[in-house]
Protein chains: 2
Amino acid sequence: MLRGIVAVVDPRDVTAIVNTADDTVLHGLHISPDLDTITYTLAGAVNAETGWGLAGETWHAMDALDRYRGETWFRLGDRDLATHLHRTQRLAQGATLSTVTAEITAAWGLHLRVVPMTDDRVETRITVPSLGEIGFQEYFVGQRHSVPVASVRLAGVEDAKPAPGVLDALAEAERIVICPSNPIVSIGPILAVPGIRDALVARRHDTVAVSPIIAGAALKGPADRMLAELGHESSVVGVARLYAEIAATLVVDEADEGLRAAVESLGVDCIVAPTVMHGLAEATALARIVIGTPE
Amino acid sequence: MLRGIVAVVDPRDVTAIVNTADDTVLHGLHISPDLDTITYTLAGAVNAETGWGLAGETWHAMDALDRYRGETWFRLGDRDLATHLHRTQRLAQGATLSTVTAEITAAWGLHLRVVPMTDDRVETRITVPSLGEIGFQEYFVGQRHSVPVASVRLAGVEDAKPAPGVLDALAEAERIVICPSNPIVSIGPILAVPGIRDALVARRHDTVAVSPIIAGAALKGPADRMLAELGHESSVVGVARLYAEIAATLVVDEADEGLRAAVESLGVDCIVAPTVMHGLAEATALARIVIGTPE
């Protein structure tokens, strides 16, 4: 989605506000999976097959960690490790996560602003009946998000402040786009940082969300199951309900044409469009729709 | 030297007490250069050309760190990184450095006990007139130990306790060997941990030191310059003087035959032998001499 947006808008005019509640500390390294995936993807360096990590990556450090029966379930490629080494070093020197993120994205030649939702530590904790409360990466990577979720807690979020630039960007943007991502664990943490939801409510008219649910299912990840398990409806109507307060418009896939009236009955304008993005062409077309830029 | 010792004595009967005052935290990782060099060397995995790191190493993480203009002066190979990742993870879990070291050496198939001098944090700080006080690795690696040293401080050593097993090993050993290493910054920190010098004084009769100085010079490293800069004599006599209280015997190279009388005048027995070790053969021969094992 973001690749499409920076293709139709000058990247210098784009701010991406990114979830950091998935961040984890592993082997002493501060890992920010969402920030890194966005950086690598926009830089054209992401491993397109997995959707995370770097293309052409090597795994010598992880392979060597096997000797120690170390924790290798969270795969860190050799070149990817450099990002975590640098971030950890800079944070230890007192730099904020947003400063380090700006350095990293600049080093990759990106021109948009990529901003963590907060510089404070927020941690998504997932309660899984069989395991108790576990960290998000233990759920998502360790358990391959294949276990039912009883509840989600965002530890530390009450005391988190939006990172510098977040509220200004939300106040000044011509258009705010809620990308098609997991409403509970990807968009949810951003909305839970005190001040951000209110800023969006104030800009509801200019905010467009794209449904991550198509015909009741998520294209990837556990969003559909998680919505159902947590008492929401796994449909564009369920998504519209979650975002009704903050987004005046919801883009739904053509497969959900039949639910347009149900979405609109919630007071949410509904745009029906192709939302499955196989590549840059579809992402760009969708970006033109959400941004409202004529072709 | 240690390779020779474990070749002539059952490794299960050998305890190596290792300097950890060179340890450093870089990129959030706990790095123990002396422990790792000993482990890799005894495992036959060390890079023989450099004398540190792993043979056949790759440098993808360090190369990638260049993108961020990160701190790459301390070179960490991809496979070597695994050791630091594992150590850091285990320490964060509450394991002691000696526990982690036992795990790492076992993982490399070593049978001797490799024990850090202490589980507490001790830090060698070097005062260099041009730079002020810097960390040991900044001096040794960053400055390639090419700058004069005004003083050496062992921060934290007063409060350090010998690691579990250190004092027992010193009390029970049939023979104690002070390997030919820098008396100031490699052997010195071990002796400075409260309790260790006293333990050695009590075993003086069974302690043999091997001079790292041959004909006034160190075979590698800055030991000769450092001795002179800090007011010691860069000769086997200077070494004998430093160790006289704790070692009844000093092994000196044949090149220093002429200083035998000067060493013995300090009340230190002097064994003259070939001490330059080009490989395992010479190390084994020297080990037989220091251990007193007939060929």
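This is a predicted model: local features need pLDDT of at least 70, side-chain atom pairs count only at pLDDT 80 or more; totals for chains, interfaces and linings use all residues.

As for its extent, α13 of chain B runs over residues 280-291, twelve residues in total. From first C-alpha to last, α13 of chain B reaches 16 Å, close to the 16 Å expected at 1.5 Å a residue. After α13(B) comes G292(B), with a positive phi near 80°.

Helix α2 of chain B, residues 33-42, is mostly covered, with seven of its ten residues buried. The buried residues of α2(B) are D34(B), L35(B), D36(B), I38(B), T39(B), Y40(B) and L42(B). Among the elements of chain B that cover them are α1, β1 (15-18), α4, α5 and β4 (113-116). What follows α2(B) is G44(B), whose phi is positive, near 70°.

Two of those covering elements lead to the other chain. Between the chains, 24 residues of chain B are in contact with 24 residues of chain A. On the chain B side, the elements that supply two or more residues are α3 (60-65), α4 (78-92) and α5 (97-107). The most comes from α4(B), with nine residues. Sorted by class, this side of chain B holds eleven nonpolar, eight polar and five charged residues.

One residue of chain A shows these contacts in detail. G28(A) sits in the loop between β2 (24-26) and β3 (29-31) of chain A. G28(A) counts as buried because 21 C-beta neighbours lie inside 10 Å, the threshold being 20 or more. Beyond four places in sequence, G28(A) is in contact with T88(A) in its own chain and with G28(B), L29(B), T88(B), Q89(B) and A92(B) in chain B.

The largest nonpolar core has 62 residues, and V236(A), Y243(A), L250(A) and V263(A) touch the most other members. Helix α11 of chain A, residues 236-243, provides the largest share of this core, six residues. Both domain 1 (22-116) and domain 2 (173-291) of chain A give residues to this core, so the core lies between them. Apart from this core lies another, of 61 residues, with F136(B), I196(B), I213(B) and L227(B) among them. Leaving out residues up to four places away in sequence, V236(A) touches S211(A), I213(A), L250(A), V252(A), D256(A), L259(A) and V263(A).

Strand β12 of chain A, residues 249-253, contains T249(A). T249(A) is buried, with 23 other C-beta atoms within 10 Å. Its contacts beyond four places in sequence are V208(A), V268(A), D269(A) and I271(A). T249(A) and C270(A) are 21 residues apart in sequence, yet their C-alpha atoms are 5.8 Å apart.

R144(A) lies in the loop between α6 (136-142) and β7 (151-155) of chain A, and has a positive phi near 50° although it is not glycine. R144(A) is exposed, with 10 other C-beta atoms within 10 Å. In chain B, A215(B) occupies the loop between β10 (213-214) and β11 (217-218). The phi of A215(B) is also positive for a residue other than glycine, near 50°. A215(B) is partly exposed, with 14 other C-beta atoms within 10 Å.

Note on methods: Residues are numbered from 1 along each chain as its sequence is written. Chains are lettered from A and ligands numbered from 1 in the order in which they are written. Helices (H or I, at least four residues) and strands (E, at least two) are DSSP runs, numbered from the N terminus. The expected span of a helix is 1.5 Å times one less than its number of residues. A nonpolar core is a set of buried Ala, Val, Leu, Ile, Met, Phe, Trp, Tyr and Cys residues joined through C-beta atoms within 7 Å. A residue is buried if 20 or more other C-beta atoms lie within 10 Å of its own, exposed if 12 or fewer, and partly exposed in between; C-beta atoms are placed from the backbone. Domain bounds come from an automatic or database domain assignment. Two residues are in contact if their C-beta atoms, placed from the backbone, lie within 7 Å. Ala, Val, Leu, Ile, Met, Phe, Trp, Tyr, Cys and Pro count as nonpolar, Asp, Glu, Lys and Arg as charged, and the others, Gly among them, as polar.
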